[in-house]
Amino acid sequence: AYDYDKGTIGYYINIGKDGQMIKSFDVMEEIGVKNIYDVSTLSKTNDSFMIEVSTASTREIVELNAEDLSVETHSWQEGFGDDEYRYAQFIGSDGKVYYSKEDGIYCADNKEEPVLPFTASYADINKLSNSRIVAADGEHFVLITVDYSNAGFLTEDVNTYIHVFDLADSNPNAGKSVITVGYIDELYPDSSSAISEFNQASDDYYVVTKCYSADYANSYEVGMSADDYKTVDIQKSSEITNELAIDILNGEGPDVILNIAGNAQLNNDLYLLDVAPFVDEELGDIELFDNVIDASKVGDSLYQIPLTFYVEGIWVDSSQVKGEHGFTFAEYEDYVRNVCNGKNPIALNASRLDVLSRIMTSMSEEFFDEDGNVDFQNETFYEVAKYCKDNVPEFYVPSSDDLIYYDMVGYGIAHDDNRVVDVYNIDSYLRAIGFNPNLDLYGIPSNDGRGPSISIESSVAISAAAGDVDGAKELVKFLVKWDQNTSFT
């Protein structure tokens, strides 16, 4: 505000009660500086209001005592204002400070346990992870979530959810057996919704979730290469998998595990239950893709039941190629040279190491011996390595035209016939053939010219140390039901 008496701009805090001004003070005078850029955050502890002030060189905290209205100033370095909840807090009608975290609503009086754990309700936890409190009194809470997950460049599909919680007279889940569901990094929205529905529908079981995630703090440094970033990601992924594996071996792991298809090292009897007999005997009346189930097996064992999958390959104009949905390395070299004008679809925006990894992943069974040990001492690996060395630059450097065009492809404004794609659903397939009805999906080049491959996107597994196998199976049955499966896809 502009102070006409002093001829300066000031930042004033005004305190009123019952419509009457009872105190006013200039923040600039209190902290003794003239260059204030922002007074950004008003927080409340048990006895004080904390006002965060940004100056030209520091951040200061002005503390206003709620009882006697005395004012003190503290430097940020003294530890004031560090609380993780200061940007997400809400002062309830009972005068207490509440704040929202991923697992529930907390009160500043007790930061150890949530006053409203989300797992104690039937709410969809995924929709609550970024919620904002708009009303609270200790027994009743109202939260709002704005969901942008379906919003895109060409759409404005934004949903707003209002969540109302009232303290129950008794625990509606008393007497139910608890099933713990573990997941890595993220609980997919449809999985979260399915768990919420299961908890409401089941009279015998109640699901709680446990997240396994790595700490990426200080893991990245300025000047790191793309390969350095990938190395960090691989190391962190290994840490998470090891933590989960150790918990299972110690009998402390979850009963059911979601979405660990990328953690193939867990696919053995030490960590996961072989559910192949369960699928044959108890899921026989549910329509499943047998070839997808078979592709998910390790030998005769099935450790993870696929919930959703995608097909990976190369969009090809079938009128310009020969063969049955696949390329040998020699055929692919000819295709790149004569059809793609030298632009290699699997090397676009990819380094030589990326291409080597993609090809090896699409034919991974070629690199294991009969005992399941990795074996690179074979002719197939030599073929893959030679192809990459002779045909793929060590690093991909896109032209400005490449960047513009592939942005257009990404936004659905244009389509490129010759590119690697992951087809997730019939919609993406129909969109592609809308540009060119001759499009067909061919496999990543290989030694034997195989066709497109499938990859598991989301899956469900039962821990080898599950405390309640029958309860875990009931949850799995619920997840693979037709209405849930159509929701996932």
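These legends describe close-up views of a predicted model of one protein chain.

**View 1. Overall content of the protein chain.** The secondary structure of the chain comes to 13 helices and 22 strands. Of the 489 residues in the protein chain, 39% are buried. Among contacts between residues at least 6 apart in sequence, 58% join residues at least 24 apart.

**View 2. Packing of helix α7 against helix α9.** Helix α7 spans residues 329-338 and helix α9 spans residues 379-391. Their axes lie 11 Å apart, and the packing angle is about 20°. Because angles under 35 degrees count as roughly parallel, α7 and α9 are roughly parallel to each other. The crossing of α7 past α9 is right-handed. On the α7 side, the contact is formed by Phe329, Tyr332 and Glu333. These residues meet Glu383, Val384, Tyr387 and Asn391 in α9. Sorted by class, the contact of α7 with α9 has four nonpolar, one polar and two charged residues.

**View 3. Packing of helix α3 against helix α12.** Helix α3 covers residues 189-201, and helix α12 covers residues 469-480. The two axes come within 10 Å and cross at roughly 120°. That angle makes α3 oblique to α12. As α3 passes α12, the crossing is right-handed. From α3, the residues in contact are Ala194, Glu197 and Phe198. Their partners in α12 are Glu474, Leu475, Phe478 and Leu479. By class, the contact of α3 with α12 has five nonpolar, no polar and two charged residues.

View 4. Strand β17 runs over residues 205-212 and holds threonine 209. The relative accessible area of threonine 209 is 22%, so this residue is partly exposed; the buried class is kept for values under 20%. Leaving aside residues up to four places away in sequence, threonine 209 touches Ile125, Val181, Tyr183, Leu187 and Ile195. Isoleucine 179 is 30 residues from threonine 209 in sequence, and the C-alpha to C-alpha separation in space is 8.4 Å.

View 5. Cysteine 107 has a relative accessibility of 6% and counts as buried. Cysteine 340, at 8% relative accessibility, also counts as buried. A search of the whole structure finds zero disulfides, a disulfide being a pair of cysteine sulfur atoms within 2.5 Å.

Note on methods:
Residues are numbered from 1 along each chain as its sequence is written. This is a predicted model: local features need pLDDT of at least 70, side-chain atom pairs count only at pLDDT 80 or more; totals for chains, interfaces and linings use all residues. Side-chain values use heavy atoms; hydrogens and water are left out. Buried means under 20% relative accessible area, exposed over 50%, partly exposed in between (1.4 Å probe, protein chains only). Axes are lines fitted to C-alpha atoms, for helices over the stretch in contact, and angles run from 0 to 180 degrees between N-to-C directions. Helices (H or I, at least four residues) and strands (E, at least two) are DSSP runs, numbered from the N terminus. Angles under 35 degrees count as roughly parallel, over 145 as roughly antiparallel, 65 to 115 as roughly perpendicular and the rest as oblique. A crossing is left-handed if the near helix is turned anticlockwise from the far one by less than a right angle, and right-handed if clockwise. Contact means heavy atoms within 4.5 Å. Ala, Val, Leu, Ile, Met, Phe, Trp, Tyr, Cys and Pro count as nonpolar, Asp, Glu, Lys and Arg as charged, and the others, Gly among them, as polar.
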